[in-house]
Amino acid sequence: MTIKMPAAPVLQPVLKMKVDELFLNWLSETTTQLMLKDYLERIKNGEKIDSALKDKSESKQLICSEKRKISGCKQNVKDTASVMLGASLSTSPLSSALPSGSGLSPRVGQTTRVRRSTGSKVTQVKKEEPLVPSLSANIPRFYFPLGCPKTDVNVDAVISIIENVFSQFPSEKATIEDMGLVAKACYCPMYWKAPLFYAAGGDRTGFVSVHKFVAMWRKTIQTCHDDAARFVHLLAKPGCLYLEQEDFIPFLQDVVNTHSGLTFLREASDFHSRYITTVIQRIFYNVNRSWSGRITISELRKSTFLQAVALLEEEDDINQLTEYFSYEHFYVIYCKFWELDTDHDLYIDQKDLARHNDHALSNKIIERIFSGAVTRDRKMLKERRMSYADFVWFLISEEDKKSSTSIEYWFRCMDLDGDGVLSMYELEYFYEEQCQKLENMAIVFLPFEDCLCQILDLVKPEHEGRITLHDLKKCKLAYIFFDTFFNIEKYLDHEQKDQVSVSRENELDGPEITDWERYAAEEYDNLVAEEVANEQLTDGYDNDFDSVNQQIYQEFSLRTNKKTFFEIPNSPSAVDVDEYEYEDDFE
């Protein structure tokens with residue numbers, strides 16, 4: 001028995017669906033809708049449309065008038081659509097206004113689609129406007145993270161001078177003692193000699209050959225085009241475009257070993273690391289404006305550090321370089337820390353810090369310091385202890401509340417919720433303890449509401465009811481603001497001065513001497529006077545530096561269990577500085 005399979009259905013093109021698709025594409029065009037609207041208005045007004053040719057010219061005028069509002073209109077579609085529409089309307093004024101889908105053939109539909117997408121070459125040349133070149137192509141490069149390249153630098157001439165200098169050394173090899181001449185040949189300050197020496201691999205062999213140094217320096221001057229970029233390149237770890245705290249140690253150790261103003265310090269090797277720690281913290285305090293713990297090329301370029309390094313060569317008295325390298329400033333900071341560190345374990349706790357300046361600081365602000373608001377040391381958070389490196393930041397910020405870093409330091413401490421704004425609640429929280437202290441001293445204090453009115457008049461915040469970091473930096477009296485809320489001694493000193501004298505004092509100070517420099521000079525004189533008064537020998541010492549250093553050095557030498565003082569100092573707080581309104585303060 002034979003089973004017959006049914007015949008397979010024959011595939012037939014569905015012409016109507018394709019025509020409908022092409023019609024909808026045409027109908028969705030903006031120009032088509034404009035023409036239809038125009039024709040419908042004419043029909044409603046009783047106007048007669050005589051010929052397709054006339055309609056074509058009129059539609060062209062309509063489309064040209066709309067071209068100013070809508071860009072990129074397809075002229076060929078407009079022409080084709082107007083001809084088809086005009087022909088249909090000429091046959092039937094109203095009932096044939098829209099073409100029927102069944103009246104189009106596949107050939108007509110294909111032709112319409114091709115014209116809409118490609119168009120006539122002649123029409124495109126005449127109708128379309130030429131493309132305007134992008135403006136960005138004409139803007140010259142303006143950002144040079146490694147410095148702006150200089151066209152007048154003759155690299156070969158510089159290398160030739162360096163090779164002549166190396167020819168003076170035995171086997172054309174330079175030790176670190178010889179690197180001063182090499183640094184001058186590179187047109188660098190003399191105290192760049194240690195960074196140059198270590199960057200060329202001198203720490204591994206004890207000397208630098210001319211070939212290694214030339215290769216290193218050629219690459220440096222070809223890629224780094226200013227002093228800031230070159231200094232970072234020499235000191236930073238491979239592949240890094242920033243400096244961390246430990247990167248400065250070889251450079252500063254060379255300063256201690258060779259600078260004439262630190263000759264007395266070389267014999268007390270135990271204090272080398274403490275002096276270096278102090279200088280590193282002061283560098284980051286003044287230069288690292290982002291509080292990131294990493295000094296970028298841009299930050300170094302905006303600072304005065306490289307100028308101070310250049311002055312090391314010219315200034316024999318290290319104490320004249322007060323911003324970073326002063327030994328007197330180091331001596332004051334370390335002695336203040338030594339007084340608080342009663343067990344001499346090189347850490348202090350909250351009770352130790354509370355004794356600073358005869359308990360002048362409030363307990364609430366001390367607790368905020370140890371909370372990690374201005375440090376990222378995990379030991380401080382867990383063990384509630386402050387290292388010497390963190391104490392450097394604290395003391396400078398406490399004695400000079402006019403600097404930008406100091407204002408940021410105390411703003412972070414007072415900003416309890418970290419929202420970048422000091423609310424009235426936060427101000428009242430700190431003022432309560434001040435009122436309690438004043439009451440214990442039998443001094444009449446202002447109610448918070450009255451104090452708040454004075455503070456708002458002092459700061460003049462941009463937004464009522466909240467004080468931002470920008471407001472404090474702008475008012476120039478931030479030190480009075482901070483002392484009012486957490487330093488009772490300085491608050492009373494400010495209360496005894498009238499506003500006129502305070503304003504006059506700010507005008508007279510100027511940029512010549514800072515509050516920190518004034519405090520360090522006074523405290524150093526006091527410490528030296530105390531040392532002289534306590535001397536048992538009538539002869540004394542040749543100079544005050546040796547006298548004070550010998551006392552501290554002997555005290556440390558008597559300790560049987562010595563502890564390594566130098567630890568990589570802690571970076572400033574991890575609090576996101578983008579929370580605060582810095583605006584153009586760092587520009």
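This is a predicted model: local features need pLDDT of at least 70, side-chain atom pairs count only at pLDDT 80 or more; totals for chains, interfaces and linings use all residues.
**Entry 1**

Is tyrosine 187 buried or exposed? Its relative accessibility is 59%, so tyrosine 187 counts as exposed. I found tyrosine 187 in the loop between helix H8 (179–185) and helix H9 (193–199). I then checked the backbone. Tyrosine 187 is not a glycine, yet its phi is positive, at about 60°.

Next I turned to serine 171. Serine 171 sits in the loop between H7 and strand E1 (173–174). Its phi is positive, about 55°, although serine 171 is not a glycine. I noted a relative accessibility of 64% for serine 171, so this residue counts as exposed.

**Entry 2: the whole chain**

I stepped back to the chain. I counted 31 helices and eight strands. The chain has 587 residues, and 45% of them count as buried. I also looked at contacts between residues at least 6 apart in sequence. Of these, 66% join residues at least 24 apart.

**Entry 3: leucine 234**

I picked leucine 234, which lies in helix H12 (residues 227–235). Its relative accessible area is 6%. That is under 20%, so leucine 234 is buried. Which residues is leucine 234 in contact with, leaving aside its neighbours within four places in sequence? I listed Trp192, Pro195, Leu196, Ala199, Met216 and Trp217. I took methionine 216 from that list. Methionine 216 and leucine 234 are 18 residues apart in sequence. In space they are 9.5 Å apart, C-alpha to C-alpha.

**Entry 4: helix H13**

I looked for the buried residues of helix H13 (residues 249–258). They are Phe251, Leu252, Asp254, Val255 and Val256. What do the buried residues of H13 pack against? I found H9, H12, helix H14 (263–266), H15 and helix H17 (305–314).

**Entry 5: aromatic pairs**

I looked up the aromatic pairs. The count comes to 37. I examined phenylalanine 166 and phenylalanine 213. Their ring centres are 5.6 Å apart and their planes are at 40°, so the pair is tilted. Phenylalanine 166 lies in helix H7 (residues 155–166), and phenylalanine 213 lies in helix H11 (residues 210–223). The pair therefore ties together parts that are 47 residues apart in sequence. Both phenylalanine 166 and phenylalanine 213 are buried.

My other pair was phenylalanine 337 and tyrosine 388. Here the ring centres are 5.3 Å apart. The planes are at 75°, so the pair is edge-to-face. I placed phenylalanine 337 in helix H18 (residues 327–340) and tyrosine 388 in helix H22. The pair therefore ties together parts that are 51 residues apart in sequence. I noted both phenylalanine 337 and tyrosine 388 as buried.

**Entry 6: H22 and its partners**

I stayed with H22. I needed an angle and a distance here, because two packed helices are described by the angle between their axes and the distance between the axes. Helix H15 (residues 272–287) packs with helix H22 (residues 388–399) at about 50°, and the axes are 9 Å apart. Therefore H15 and H22 are oblique to each other. Their crossing is right-handed.

Which residues make the contact? From H15 I wrote down Arg274, Thr277, Thr278, Gln281, Arg282, Phe284 and Tyr285. From H22 I wrote down Tyr388, Ala389, Val392, Trp393, Ile396 and Ser397. The residues of this contact divide into seven nonpolar, four polar and two charged.

I then looked at H22 with helix H30 (residues 515–533). Their axes come within 8 Å and cross at roughly 105°. H22 and H30 are therefore roughly perpendicular to each other. Leu395, Ile396 and Glu399 of H22 make the contact with Asp515, Trp516 and Tyr519 of H30. I sorted the residues of the contact of H22 with H30 into four nonpolar, no polar and two charged. Ile396 of H22 is listed in the contact with H15 and in the contact with H30.

**Entry 7: H23 and H27**

My last stop was helix H23 (residues 404–414) with helix H27 (residues 478–486). The axes come within 11 Å and cross at roughly 35°. This crossing of H23 and H27 is left-handed. Ile407, Trp410, Phe411 and Met414 in H23 meet Ala478, Phe481, Phe482, Phe485 and Phe486 in H27. How many residues of each class does the contact of H23 with H27 have? I noted nine nonpolar, no polar and no charged residues.

Notes: Residues are numbered from 1 along each chain as its sequence is written. Side-chain values use heavy atoms; hydrogens and water are left out. Axes are lines fitted to C-alpha atoms, for helices over the stretch in contact, and angles run from 0 to 180 degrees between N-to-C directions. Helices (H or I, at least four residues) and strands (E, at least two) are DSSP runs, numbered from the N terminus. Angles under 35 degrees count as roughly parallel, over 145 as roughly antiparallel, 65 to 115 as roughly perpendicular and the rest as oblique. A crossing is left-handed if the near helix is turned anticlockwise from the far one by less than a right angle, and right-handed if clockwise. Contact means heavy atoms within 4.5 Å. Ala, Val, Leu, Ile, Met, Phe, Trp, Tyr, Cys and Pro count as nonpolar, Asp, Glu, Lys and Arg as charged, and the others, Gly among them, as polar. Buried means under 20% relative accessible area, exposed over 50%, partly exposed in between (1.4 Å probe, protein chains only). Rings of Phe, Tyr and Trp (its six-membered ring) pair if their centres lie within 6.5 Å; planes under 30 degrees apart count as stacked, over 60 as edge-to-face and the rest as tilted.
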